[in-house]
Amino acid sequence: MSQDKLVSDFRNYVKKLVSYNQALAVLGWDLRTKAPRKGAHARSEVIGVLSGEQFKLATSREYEEYLTALSEPDRLASLDPVTRKTVLEGKKEFERSKKLPPEKYQEFVITTTQAETMWEDARKNNDFASFRPYLEKIVKLQLEFIDYWGHSGVKYDTLLDMYEPGMTTAQLDEMFGKLREKTVPLVQAIAESPNKPDTGFLTRPYDIARQEAFSRYVLEKIGYDFAAGRIDISAHPFCTSFAPGDVRITTKYDPNDFRVAFFSCTHEAGHAIYEQNINPDLFGTLLCDGTSMGIHESQSRFWENIVCRSLPFWQHFFGDLAKQFPDQLAGVQAEDFYRAVNYVQPSLIRIEADEVTYNLHIMIRYEIEKGLINETMEVGDLPRIWNEKMKEYLGVVPPNDADGVLQDVHWSGGSFGYFPTYSLGNVYAAQFAHAMRQQISGFDELIAGGEFAPIRTWLKENIHQWGKMKSPSELVHDITGEAMNADYLVQYLEKKVKDVYQL
Ligand code: ZN
C-alpha cells in the first residue's frame, strides 16, 4: 500500500473514532441538561451500546495495523506533523487499553459503578465502613492496572500520566511543598487579621434573569463566542466540546448568592474559550482537545480567579453590576466588592473553598492517593488520616466523615491521579499570567478598560491553537522559558491576600 493511501485510510479511521466520541458527547450533554427524567434509562442504554462500538474501534486489529505501520521510525519521521502526533497519541492510548485484559477492565467498570452508588449512600448515612471494602477493591485494581501498564519506579506516576502527561510525583512533591510552606502561614495570618471583608451584600436576593444577563454580558466581553456555544443549566456546571465551532457550558443559579452562577460561568467559559480557539485543522484528529487536565484547568482558573476576581476587573464592571442590582449593592464600592469576592476562610468542603485554601484541600487528597498507590497507607486508616491533615493544614476538623473523607465522588469512580491537576491549573495559570504581564503591555490597564482582545490573542497564539500538538511541559517551557514553577502562584496569592486583608 502506498504511504499516501495508508495515511488517508488511517486519518479516515481516526475520524470515525472521533465521530463516535462527538455523538456520545452530544447524547451526554442532552442527558445532563434537557432530557426528561423518564428518558434517562433508555438514553443510558444507547450510550452503553455506542460506547461499546467506540471501544471496539479503538482496540481493533485494523487500528493496531495502521498504528504499527505508521510508527515504523523512518515512516513516522516522514509524516506531516499532525499525522505524526496523531499516530503517537493513538499508539499511547491503544497500548494502554491493549495491556489490560478485557475481563480486568470489565471488573473495574462494574466495581466503580457499584462503588459510586455505595458512596452516595455512605455519604448520606455518614458511614465510611460500608464504603471501605469498595474503595479497597478499587485501590487493589488500580495497583493491578499499574502492573499491566508498567511504571518507572514510582507507581503513582503511571496514574498521573493519564491526566497530566509527563507529570511526576517528584515535581508535585516540590510544588505542594512550596504551597504548604507558604500558604499555611498565610491562612493563619488571615485568621488573625482584623480587616475582614464584609460579604453580607453577596448573599441578598439576586434575581436570576438579571444574574444571567450580567454573566452573558461579561462572557461576551471576555470572548466566549456565543455563535460557537451556548449556556444551559445543570446540577453540576460543566463544559463540553463537540468541535471548535460548538463548545457548550452550563451553570446553576442560587437566587440568594451572586457568586455561584457568575464564577461558575467565568470558570466554564475559560475552559470553553480554550476549546473554541483550537486550530480547526485539528478537528477529526486525536489532537482537537486541551493538552491535559492541568492546562485546561489553568484556562478556567485564569478567567475565574486571576481576571474576574481582580480589582481592575471590578473597577470596570462593578458599575454595570450595580445598575442591575441597585438595592442589593446600595452603598457598596468596587473595592468593597473586590474584597468580598476574595474572602478567605478555612472550610471543610473543597468545592466551596477559596483561592488560598483550595490547594490545601487538594494537597490532602494528593498525599492520600500517593500513600494508597505507593502502599504506605491503608484505606481503613483514611478517616483518621484525613482529619489529622485537615487539622494540620487548615486548622479545622470535620465533625463527621460525610463532610470529611467521603465528600468527593472521584475515588469511587477510580479517578486516582486526577486531583493534583486542580492545583496544577492554579500553578500554571499564575505562571502564564506572570509571562503575560511581561509580554503584553498594560495588562492590568487593559482589564480595567474592559479590553480583553490582546489577552485572548496571547492565549490563542501561545496555548489554545495548539490543542494536543504540544505537551503540557512543552507549552510551559515555550511560554515561560522554565519548567512548572509554583513560586508565581505563591507570589500572586501573597500579594492578593496582603491587599484584601491589609496585612
Ligand atoms: Zn474546571
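Guide: Two strands pair if DSSP finds at least two bridges between them. Helices (H or I, at least four residues) and strands (E, at least two) are DSSP runs, numbered from the N terminus. This is a predicted model: local features need pLDDT of at least 70, side-chain atom pairs count only at pLDDT 80 or more, and totals for chains, interfaces and linings use all residues. Residues are numbered from 1 along each chain as its sequence is written, and side-chain values use heavy atoms, leaving out hydrogens and water.

Visitor: In which sense do strand S2 and S3 pair, and over how many bridges?

Guide: Strand S2 (residues 239–243) pairs with S3 in the antiparallel sense, over 4 bridges. Ser 241 stands opposite Val 247 in S3, and a hairpin of 2 residues joins S2 to S3.

Visitor: How many bridges join strand S1 to S3?

Guide: Strand S1 (residues 231–233) runs parallel to S3, joined by 3 bridges. Here Ile 233 stands opposite Thr 251 in S3.

Visitor: Why is strand S3 largely enclosed?

Guide: Buried means under 20% relative accessible area, exposed over 50%, partly exposed in between (1.4 Å probe, protein chains only). In strand S3 (residues 246–251), 5 of the 6 residues are buried, so the rest of the structure largely encloses it.

Visitor: Which residues are the protein donors of the zinc ion?

Guide: Donors are N, O and S atoms within 2.8 Å of the metal (3.2 Å for Na, K and Ca); water is not among the atoms, so sites may look incomplete. For the zinc ion they are His 267 (NE2), His 271 (NE2) and Glu 297 (OE), lying 2.1 to 2.3 Å from it. His 271 in helix H11 (residues 258–276) and Glu 297 in helix H12 (residues 293–307) link distant parts of the chain, 26 residues apart.
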